Amino acid sequence: GNTAWVLISTALVLFMTIPGLALFYGGLVRTKNVLSVLMQCFALTGLITVIWLVLGYSLAFDTTGMQKGMTNLHSFIGTFGKAFLRGVGPGAMSGTIPEVLFFMFQMTFAIITPALIVGTFAERMKFSAMLVFSAVWLLVVYIPICHMTWGGNGAFFAEMGVFDFAGGIVVHVTAGVAALVACAVIGPRRGYPDTQMLPHNMTMCVTGTGMLWVGWYGFNGGSALAASSSAAMAIAVTQISAATAALTWMSIEWTRHGKP
């Protein structure tokens, strides 16, 4: 049951990026840039998958290859012991689920995090530059923070007692800070605020929003790594908080426009 649930959750989290986030961003940008933004999400999915396979997963979660005298380094980054999924065969387990499934679930987190940043500099960065930035950021920021938080005994944040159930630190704090820095460095779009820049397609944006809402069930519920009461509670909180936020936003908009 645990394996079945995390398999479903893995698919749901990937669903958040393609097509969810792709449609969400694609609907918000101008018509001339919609295809570029859609392909940025698709390209990032492929790029991050390969990086995660080659060395990302190993650096984030492996500590078996630590050499004597390198325990301080182990607090901040893993080793290359599981590069290219070395030793992660059909029989390898991570808790109660196959380790290859844990690899896949964590991979979807690694994919969506740089994709979240894309929306902040949409229409203002070349495609090739976006890929280079995302790859470097994943290696320099995401993977070390992931290891320090979820790397187990000896990891820097874990030893401090930090508890991150579903990526509040690993995903959202890192992406949020990177997004603010990227906005400050790149600057506003050409013509802003004098030129009107209407969204391409609000229907597409709302469709992507709905997909993201559904995907959060896997993102939060799957983080329990088990078909358990913790997963059920995470899903309940996800639904209730999202519904409350949606109703609050609608009431604010109605009030702003003078409607009952």
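The model is predicted, and residues are numbered from 1 along each chain as its sequence is written. Local features need pLDDT of at least 70, side-chain atom pairs count only at pLDDT 80 or more, totals for chains, interfaces and linings use all residues, and side-chain values use heavy atoms, with hydrogens and water left out.

**Whole chain**

Begin with a cartoon view of the protein, in which there are nine helices and two strands, both taken as DSSP runs numbered from the N terminus (helices H or I with at least four residues, strands E with at least two). Along the sequence these elements follow the pattern α-α-α-β-β-α-α-α-α-α-α. The radius of gyration, taken over C-alpha atoms, is compared with a globule rule of 2.2 Å times the number of residues to the power 0.38. For the protein the radius is 20 Å, close to the 18 Å given by that rule for 260 residues, so the protein is as compact as a globular protein of that length. Along the principal axes, the C-alpha atoms fill a box of roughly 65 × 40 × 35 Å. Buried residues (under 20% relative accessible area, with exposed meaning over 50% and partly exposed in between, for a 1.4 Å probe and protein chains only) make up 41% of the 260 residues.

**Helix H4**

Next, select residues 99–118, which form helix H4. H4 has 20 residues and reaches 30 Å from its first C-alpha to its last, close to the expected 28 Å, where the expected span is 1.5 Å times one less than the number of residues. Because 17 of its 20 residues are buried, H4 is largely enclosed by the rest of the structure.

**Salt bridges**

The structure holds four salt bridges, each a side-chain nitrogen of Lys or Arg within 4 Å of a carboxyl oxygen of Asp or Glu.

Now select Arg30 and Glu123, whose side chains meet in a salt bridge (3.2 Å, N to O). Arg30 lies in the loop between helix H1 (2–28) and helix H2 (34–61), and Glu123 in the loop between H4 and helix H5 (127–150), so the pair ties together parts that are 93 residues apart in sequence. Glu123 is partly exposed, at 22% relative accessibility.

Move to helix H9 (residues 229–256), where Glu253 and Arg256 lie three residues apart, about one turn of the helix. Their side chains meet in a salt bridge (2.9 Å, N to O). Arg256 counts as exposed, at 60% relative accessibility.

**Surface residues**

Select Leu198, in the loop between H7 and helix H8 (202–221), which counts as exposed at 53% relative accessibility. Leaving aside neighbours within four places in sequence, Leu198 is in contact with Val29 and Arg30, contact meaning heavy atoms within 4.5 Å.

Finish at Val173, which is found in helix H7 (residues 168–186) and is partly exposed, with a relative accessible area of 45%.
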